[in-house]
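Okay, everyone, thanks for coming.

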Amino acid sequence: MTLKEIFEYNFINTDHFTISLLDLVLILVVILATWTATLFIRRYFYRKARAGKTEQGTATSITQLFKYVCWFIAIIICLHIADVNVGIIIASSAAVMVGVGFGLQQLFKDLISGVFILFEGNIHVGDLMEVQNGVVGRVIHIGIRTSEIITGENHTVIVPNSQFLSDAVINWTNNKEQLTRSSITIGVGYESNIRLVEKILLEVATAHPSINQYNKPFVRFQDFGDSALIFELFFFTDDSTIRDNVKSDLRFQIFDRFNEQGISIPFPQRDVRIIKG
């Protein structure tokens, strides 16, 4: 048996496709070439990101999209080498896919959303995101169906990609100016000197080193509550990632200053009357 006959020998021969030794070699070459190409692209963009020429998030998004496209093309080529009629497969499975599609609507929605996220580049690895239910964390992975964010408590949260497109989410990193406004709400007793309350709130906010002083803090007298006068202190920070720490610092200092000045922070109280029958 000649070398040509060996390569042309069909060791898999069915009614739908045939695979010879040459076909198997070509399929292995396609798989190896695809794997090499994706590895090269990943290392190329990784070096550019390390050199500061490309954002880490952008590099990851391009690499992921390139990987999916390359493997999709590779699968089509391998099926063609094996003489598999892709059109017949699609046509014969169309009825099944319709039924499956109804049951996998959310899956397809997440997959399409993942493609849009990778293509548009509005969300990158490393971005600080606030998603549904107030979960705040940094994006550590963007997949084709789900993404992962890690919270301040070091919890990894898996988020379906459709949530980024269908729900209202906040990308704190996407703020070009990095200046964000935050606020804390304070209730004081009705007997309090409201001008003194305003003065203390402004002094505490002005003295904090992490609060932007170019955009001055300000106070609003929000409402007459059931048991307290409601004030809201607004302030600006240059780094949105520290806003919760700043709020905590302000609450500590406000509580101490109120105690010094004899300003009470009331809490709801109820009078219960027991009538003996």
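So, to start: with which residue does Arg257 form a salt bridge? The partner is Glu203, and the closest N and O atoms are 2.7 Å apart. By salt bridge I mean a side-chain nitrogen of Lys or Arg within 4 Å of a carboxyl oxygen of Asp or Glu. This pair ties together distant parts of the chain, with Arg257 in helix α9 and Glu203 in helix α8, 54 residues apart. Those helix labels are DSSP runs, numbered from the N terminus: helices are H or I with at least four residues, strands are E with at least two.

Quick housekeeping. This is a predicted model, so local features need pLDDT of at least 70 and side-chain atom pairs count only at pLDDT 80 or more, while totals for chains, interfaces and linings use all residues. Residues are numbered from 1 along each chain as its sequence is written, and side-chain values use heavy atoms, with hydrogens and water left out.

Back to our pair. Arg257 has a relative accessible area of 23%, so we call it partly exposed; the scale is buried under 20%, exposed over 50%, partly exposed in between, using a 1.4 Å probe and protein chains only. Glu203 is partly exposed too, at 33%.

Staying in helix α8, which spans residues 194-207, Arg195 and Glu198 sit 3 residues apart, about one turn of the helix. They form a salt bridge too, with 3.4 Å between the closest N and O atoms. Arg195 is exposed, at 63% relative accessible area, whereas Glu198 is partly exposed, at 26%.

Now, buried or exposed: what about Glu130 and Arg243? Both are buried. Their side chains meet in a salt bridge at 3.3 Å, N to O. Here again distant parts of the chain are linked: Glu130 belongs to strand β3 (residues 128-130) and Arg243 to helix α9 (residues 243-261), 113 residues apart.

Arg42, Arg43, Arg47 and Lys67 make a positive surface patch, meaning residues with over 30% relative accessible area and no salt bridge, like charges being joined within 9 Å. Helix α2 (residues 21-50) is the top contributor, giving 3 residues. Lys67 comes from helix α3 (residues 56-81), and at 32% relative accessibility Lys67 is partly exposed.

Okay, over to you.

Notes:
Patch = residues over 30% accessible without salt bridge, like charges linked within 9 Å, V, L, I, M, F, W, Y side chains within 5 Å. Areas by Shrake-Rupley, 256 points an atom, 1.4 Å probe, with all protein chains shown as cover. Lys, Arg positive; Asp, Glu negative; His and termini not counted. Charge placed at Lys NZ, Arg CZ, Asp CG, Glu CD.
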